[in-house]
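I opened the model to look up its domains, its chain pairing and its cores. My entries follow in the order I made them.

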2 protein chains.
Amino acid sequence: MMKRLDLTAVSRCLLAAALATALATTATPAFAATRAEQAAMVRERALATSSACALLSDLTTTVGQRLAGTEAEARGRDWAVKAMKAAGLVNIKVEPFPIPVWQRGAESAEIIGTGQKLAIAALGSSGATPAAGITAPVVYFADYAALEAAAPGSLAGRIAFIDHHMMRAQDGSSYGTNGAVRRAGPALAQAKGAVAVLIRSLGTDYHRNPHTGSTSTPAGVTPIASAALALPDAELLARRLAAGPVSVKLVSTPVFDANGQSANVSGEIPGVGAPAEVIVIGGHIDSWDIGQGVIDDGAGMAITLAAAKVIKDAGLQPRRTIRVVFFGSEEIGIYGGRAYGAAHASENIVLAAESDFGADRVYRVSSKVAETGKPLIAEINAALAPLGVAPTRDNGAGGGADVAPLGALGSGILELEQDGSRYFDLHHTPDDTLDKVDRAQLDQNVAAWATAVWLAASDDRPLRTK
Amino acid sequence: MMKRLDLTAVSRCLLAAALATALATTATPAFAATRAEQAAMVRERALATSSACALLSDLTTTVGQRLAGTEAEARGRDWAVKAMKAAGLVNIKVEPFPIPVWQRGAESAEIIGTGQKLAIAALGSSGATPAAGITAPVVYFADYAALEAAAPGSLAGRIAFIDHHMMRAQDGSSYGTNGAVRRAGPALAQAKGAVAVLIRSLGTDYHRNPHTGSTSTPAGVTPIASAALALPDAELLARRLAAGPVSVKLVSTPVFDANGQSANVSGEIPGVGAPAEVIVIGGHIDSWDIGQGVIDDGAGMAITLAAAKVIKDAGLQPRRTIRVVFFGSEEIGIYGGRAYGAAHASENIVLAAESDFGADRVYRVSSKVAETGKPLIAEINAALAPLGVAPTRDNGAGGGADVAPLGALGSGILELEQDGSRYFDLHHTPDDTLDKVDRAQLDQNVAAWATAVWLAASDDRPLRTK
């Protein structure tokens, strides 16, 4: 009943990369006269060169996970600098910024009496239990609203268990609907007296892989321990609670350092004609620690860097500057994106776009651009149609967490929306590994990005919204 | 790309059980004259009562995993006695036997340098590293044959990593083909000097869930540590090794007690006419510790007990005795089956059959019976055809590990072969949890077992092969 990916496709991608590059070079048309012809050329070259898979495999095999603020994230930055150089980007910059660093400690949970072990992952920025753990009765809440309805003080001495009903959705919308369970649930339960919090993972898969992710606590409050349960474990706990009282022993001993550091890394294909008009594309370097940071967000790094390289290798010179930015420390509070927005507020960043929703196909375009930019979006729609991409849904896109601060400052926003149907099977779990990537879908992303970026970078119509 | 089960089906099964029982009672034909009509009646009652799901949920929710020789297995036995009584079985017996007990300790593995953590599970009966672990270079073997070809002493001071090519197969045949990697690989590597062994899990899923299972060491040899890698981790390690030397730090500290105890549990529907002719059906109580023992083998217990209950509740009186046997300690060396065979060698067990290949549909019948029993097998084929079951493939069946000793003593063997296409996604992993069970498929199993057992128990043709 559970179909796995055809992994021969992944293996083949690594073997086929060199050959495909040779083929693509000979397949390049000698002359592409119009911007539309150029866009078609980069689109086809992207599909033929198939270079993102090798980048993604190299990053995630040689570096692995890249938790924000750790030496692993620093190795990710080193890889990024090297990869940008190898791709022919110039003006490579590493721009540091301060962050708090949270690191997982020991973690375990078990049901008292039967000793049934529950698969958990502490939430980012959550607090710690004593090393020996805490044991307390569990109180069930069907969702965030049920927790909101609990009386003040009613959770004193209890572990709150917050359930919810996240659904599979192509656009990932159910993550937003249920996000409060993770982001705000622990602090709310703490305010009502809870000594610890367990949540059903924000995820759609039935494996013993809990989904971690950040939680928030009001300033000045020391957070209690909170952790996500894998779905089979959440359902076991719910069945046990339906039959009678249950106590759980929870151990979670993360450590926190308020004075850490991270950095953004960027590199450019300088514009010829209007170099001060900048298009920012990219993904984020950091990942959660329990997976290998492949779909979140090594894929975004590989896709956008491969797209820039396709344009460069095609010998095309953009009018506007194409800047690839790999953001640091997104997962723990969008520190990289916010630092980037603040540091580059005075630049003329005309368009910003992030790839941060996995490695599956782009299926729809969204944008947020000035009225004068709408003809460009129409051109992008037309050029992406051969890739199966549906035209722009609306002009109210956010563009990804790391570029939202740029959007707020007036940059135009482009979103190449990816099929998220299986994203939340893998998101923030140990299962975020290379074998989940489908080469053909990854290549389609690169083609979509190269095409859209070329059209925007070769254009002169204003895009900024303010 | 990864489809999960429709879990509403599982939930519905629990809610629907009571109603279905009521319906089934009223739907029972007042009189079924022939054995074929009786078989059709129990088949339809089994589908309508849908009782196995509730049994399986209760066992795995209230008891959980049931590692051989532990107090958890003892709780599983207590559950079995209670469940047999509730089903109306009589002559309930608990028959103890001695076993060695192996229990998992701390376990972890990481790649030196990058600190990439590898998801592992120590193999049953494997040895221990020091508490601080061992760190050693890893040597790659593509399969068991490659390890066999390694020179004596060539693995001194090394960790052997044995890869292989297990494939998805409906009949599970690839597990047999590759089984030596786990069962004999560690001892073979140890004989060539290895200090520890990692194997690619015998499994077909791409989750961070390693597949445990027993390994064997020659008598008198203290085993080295050995563990299975989840497939994504095995492939990461293989990619790293393809790029250059890799050292791994391995911690695995299982403990071993040579003087443990387990037991078989049995209960009967006594035969009326030929009570001394016994039909043994059942599954095994024990499970691996890292899952919840649902498809392996809570399902076999639930299916066979539910099948017996269907016959009893239909008011039918078998000519031969139907005996449900739940075997102890199968996973660690078929101790229960061997003890049962030895203790009951003098009984006239005419037919033996175990359900131990998951919870998915029966798709084919196999048998090993005397020539005089073949007409009965033909009747069973005909009665199972409405369930989509293909007729007997051959007369050379083994019948399941626990009943093989009875088969060797001359008992006829029946095998209701289950669709194992996804069995090795879950087998011996943390993912062996209730959510994986599909109610309709589980019910089809009960119907097939009740039908076949009724036909055999109401018959008088000799089945024994010696």
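How many residues of domain 1 of chain A are in contact with domain 2 of chain A? I counted 18 residues of domain 1 of chain A in contact with 20 residues of domain 2 of chain A, where contact means that the C-beta atoms of two residues, placed from the backbone, lie within 7 Å.

Before going on, I noted that this is a predicted model, in which local features need pLDDT of at least 70 and side-chain atom pairs count only at pLDDT 80 or more, while totals for chains, interfaces and linings use all residues. Residues are numbered from 1 along each chain as its sequence is written, and chains are lettered from A and ligands numbered from 1 in the order in which they are written.

**Domains.** I took the bounds in chain A as 8-99 + 259-457 for domain 1 and 105-253 for domain 2; such bounds come from an automatic or database domain assignment. Over C-alpha atoms, the centres of domain 1 and domain 2 of chain A are 34 Å apart. On the side of domain 1 of chain A that touches domain 2 of chain A, helix α13 (residues 423-426) of chain A gives the most, with three residues. Helices (H or I, at least four residues) and strands (E, at least two) are DSSP runs, numbered from the N terminus.

**Chains.** Of the contact residues of chain A, 100% recur in chain B, so the same surface serves both copies.

I then found 28 residues of chain A in contact with 28 residues of chain B. Helix α8 (residues 231-243) of chain A gives the most to the side of chain A that touches chain B, with five residues.

**Cores.** I looked up the largest nonpolar core, which has 139 residues. A nonpolar core is a set of buried Ala, Val, Leu, Ile, Met, Phe, Trp, Tyr and Cys residues joined through C-beta atoms within 7 Å; buried means 20 or more other C-beta atoms within 10 Å of a residue's own, exposed 12 or fewer, and partly exposed in between. A:Ile159 and A:Ala450 are among the residues with the most contacts inside this core. Domain 1 (8-99 + 259-457) and domain 2 (105-253) of chain A both give residues to this core, so the core lies between them.
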